[in-house]
Amino acid sequence: MRIPATPTNPENIILTAAENHRQIIEYLKSASEYDDKSAVYLKKGNTEKAAECAVLAEEYIRLAGDVKIEDIKLHATYN
């Protein structure tokens with residue numbers, strides 16, 4: 001039995017992809033900021049704050065990766 005294809009609106013796909021890219025950029029900006037803060041705290045000798053900022057930077061990188069996976073799935077599904 002064939003499952004009928006769901007018609008998709010190309011405009012929605014483009015908007016979703018653009019939103020994904022915007023979100024990835026924001027997450028990577030935040031990761032970069034926390035990485036810079038971590039380096040500053042490390043130079044000052046405050047290792048606790050440096051570690052906290054490093055963990056936050058890694059979390060933002062993980063979030064960006066999750067959005068990128070969604071973006072890849074979107075492209076694979078509709079291209």
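Setting aside neighbours within four places in sequence, Ser38 touches Ala50, Cys53 and Ala54, where contact means heavy atoms within 4.5 Å. What you're looking at is a predicted model, so local features need pLDDT of at least 70 and side-chain atom pairs count only at pLDDT 80 or more, while totals for chains, interfaces and linings use all residues. Residues are numbered from 1 along each chain as its sequence is written, and side-chain values use heavy atoms, with hydrogens and water left out.

**The overall picture**

- The protein has two helices and zero strands; both kinds of element are DSSP runs numbered from the N terminus, with helices being H or I of at least four residues and strands being E of at least two.
- Of the 79 residues in the protein, 19% are buried. Buried means under 20% relative accessible area, exposed means over 50%, and partly exposed is in between (1.4 Å probe, protein chains only).
- Take the contacts between residues at least 6 apart in sequence: 68% of them join residues at least 24 apart.

**Ser38, tucked away**

- Ser38 sits in helix 1.
- Its relative accessible area is 9%, so Ser38 counts as buried.

**The negative patch**

- Glu33, Asp35, Asp36 and Glu58 make up a negative surface patch. Patches are built from residues with over 30% relative accessible area and no salt bridge, joining like charges within 9 Å and nonpolar side chains (Val, Leu, Ile, Met, Phe, Trp, Tyr) within 5 Å.
- Helix 1 (residues 10–44) is the biggest giver here, supplying three residues to the patch.
- Asp36 is located in helix 1, and Asp36 is partly exposed because its relative accessibility is 48%.

**Salt bridges**

- The structure has five salt bridges, each being a side-chain nitrogen of Lys or Arg within 4 Å of a carboxyl oxygen of Asp or Glu.
- Glu19 pairs up with Arg22 in a salt bridge, with 2.6 Å between the closest N and O atoms. The two are three residues apart in helix 1, about one turn of the helix. Glu19 is partly exposed at 37% relative accessibility, and Arg22 is partly exposed at 43%.
- Glu26 has a salt bridge to Lys29, where the closest N and O atoms are 4.0 Å apart. Both residues belong to helix 1 and are three residues apart, about one turn of the helix. Glu26 comes in at 36% relative accessibility, so it counts as partly exposed; Lys29, at 46%, is partly exposed.
- Glu59 and Arg62 form a salt bridge too, and their closest N and O atoms are 2.6 Å apart. They are about one helical turn apart because they are three residues apart in helix 2 (residues 47–78). Salt bridges with shared partners link Glu59, Arg62 and Asp66 into one network.

How values were computed: Areas by Shrake-Rupley, 256 points an atom, 1.4 Å probe, with all protein chains shown as cover. Lys, Arg positive; Asp, Glu negative; His and termini not counted. Charge placed at Lys NZ, Arg CZ, Asp CG, Glu CD.
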